[in-house]
Amino acid sequence: MKYVRNAWYVACWANAVKEGELFARTILESPIVFFRRSDGLPAALQDRCPHRFIPLHMGKIKGDVIECAYHGLQFDCSGACAHNPHGDGKVPAAMRVRAYPVEERHGFVWIWMGEEKADPSSIPDYGVLERPEEFKTTRGNIVINANYELMGENLVDLSHTPFLHEGLLATRGMTAASPEVREESGALHVDRWTPNVEVPQVFDMLFKQDGKNVDAWMNIAWYPPACFLLDVGVHAPGGQRESRGWIYGIHILTPETDRTTHYHFASASPRGAAELDEASNKRLGELRRIAFEDQDKPILDAQQQALAGSDFWSQKPVLFSIDVGAVRFRRKLEQMAAAEESRRVTTQRESAKV
């Protein structure tokens, strides 16, 4: 699969990388080991010793180096072999592993998978997760047994919600929404608006808990290649957005392989909303779990199985007007991957001339 590599991906929630421990994860089909340096900052290396190809995550942390479990070779944060305990101790120039740029931000560990220079300023802004005085947050992650592009389409095409998530996140009256699609500041926005419709269960709990009709919106922004921010909620028909009845949804996809995806998600709801009792909060969390794990995941897993590894366009999907966001999403990824490949080839040619 042609991945967009020159981009920041979420490796994991930051608390998954613990001091004194090694954390392994496959990203874009590359095995990577994460650990914390002695100063507390995260580091990431290729998870394979170049001597006998043993995964480094099976080894030990010794200060700021990883010691391979098999022969004791040690690798520092730059990927260089810092110590060879055998013979004369000489280290061949090729005895090194790839080191990846990483950043810890918004509660995530981010990793740059490309060869071009990493720019930390291009990490999407999820600062809403770091304002506890303003927002209550929940977070989680699961593995989807499907290509990340399928999950991305699921997010930019929310026309499925009145059916797959009927009653929970949407109601049948919300089917009438026509998506408004625009590109702005590098992000693709797909907005949906449905006035005077039956209130979905989750938003009834967050709003007035009276079961009355509402105006509803679902606005999703995609920051290529794999980050999404959802602004979704309800207010009284003809009214204005209040301090309750809405949430921000953070959805971040990290390809593991061409058929598996690490799906990190979080929600942030304003603290100005009426506080729910313990039972209601527990119920709200369970409804969100149902939506992601019991409804989205089986559909995406089944979709991947139905495609059986074939190219999406080769299956000649029949498209509707509701698919405009999903089509733009897929075409944009294809354009980004092609442009990246073109730059790589040009760089190789220039290097060959020298």
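Modeller: This is a predicted model. In it, helix α1, residues 148-156, packs with helix α4, residues 278-307, at an angle of about 130 degrees, and their axes are 10 Å apart.

Colleague: Which residues of α1 and α4 meet?

Modeller: From α1 there are Leu150, Met151 and Asn154; from α4 there are Asp296, Leu300, Gln303, Gln304 and Leu307. Sorted by class, this contact holds four nonpolar, three polar and one charged residues. Contact here means heavy atoms within 4.5 Å.

Colleague: What makes α1 mostly covered?

Modeller: A residue is buried when its relative accessible area is under 20%. In α1, nine of its nine residues are buried. Among them are Tyr148, Gly152 and Val156, and also Leu150, Met151 and Asn154, which are the α1 residues that meet α4.

Colleague: How do you know that asparagine 147 caps the N-terminal end of α1?

Modeller: A side-chain oxygen of asparagine 147 lies 2.7 Å from the backbone nitrogen of glutamate 149. The limit for a polar contact is 3.5 Å, and 2.7 Å is within it.

Colleague: Why does glutamine 295 count as buried?

Modeller: Glutamine 295 is found in helix α4. Its relative accessibility is 16%. The cut-off for buried is under 20%, so glutamine 295 counts as buried. Leaving aside residues up to four places away in sequence, glutamine 295 touches Leu164, His165, Leu168 and Ile290.

Colleague: What joins the side chains of glutamine 295 and histidine 165?

Modeller: A polar contact of 2.6 Å joins them, which is within the 3.5 Å limit.

Colleague: Why does glutamate 286 count as partly exposed?

Modeller: Glutamate 286 also lies in helix α4. Its relative accessibility is 29%. Buried would require under 20% and exposed over 50%, so glutamate 286 counts as partly exposed. The side chains of glutamate 286 and arginine 289 are joined by a polar contact of 2.9 Å.

Colleague: What separates the C-alpha atoms of glutamate 286 and tyrosine 9?

Modeller: They are separated by 28 Å, and the two residues are 277 residues apart along the chain.

Technical notes
Residues are numbered from 1 along each chain as its sequence is written. This is a predicted model: local features need pLDDT of at least 70, side-chain atom pairs count only at pLDDT 80 or more; totals for chains, interfaces and linings use all residues. Side-chain values use heavy atoms; hydrogens and water are left out. Axes are lines fitted to C-alpha atoms, for helices over the stretch in contact, and angles run from 0 to 180 degrees between N-to-C directions. Helices (H or I, at least four residues) and strands (E, at least two) are DSSP runs, numbered from the N terminus. Ala, Val, Leu, Ile, Met, Phe, Trp, Tyr, Cys and Pro count as nonpolar, Asp, Glu, Lys and Arg as charged, and the others, Gly among them, as polar. Buried means under 20% relative accessible area, exposed over 50%, partly exposed in between (1.4 Å probe, protein chains only). A polar contact is a pair of N or O atoms within 3.5 Å; within protein, one must be able to donate a hydrogen and the other to accept it, and residues adjacent in sequence count only if both atoms are side-chain atoms.
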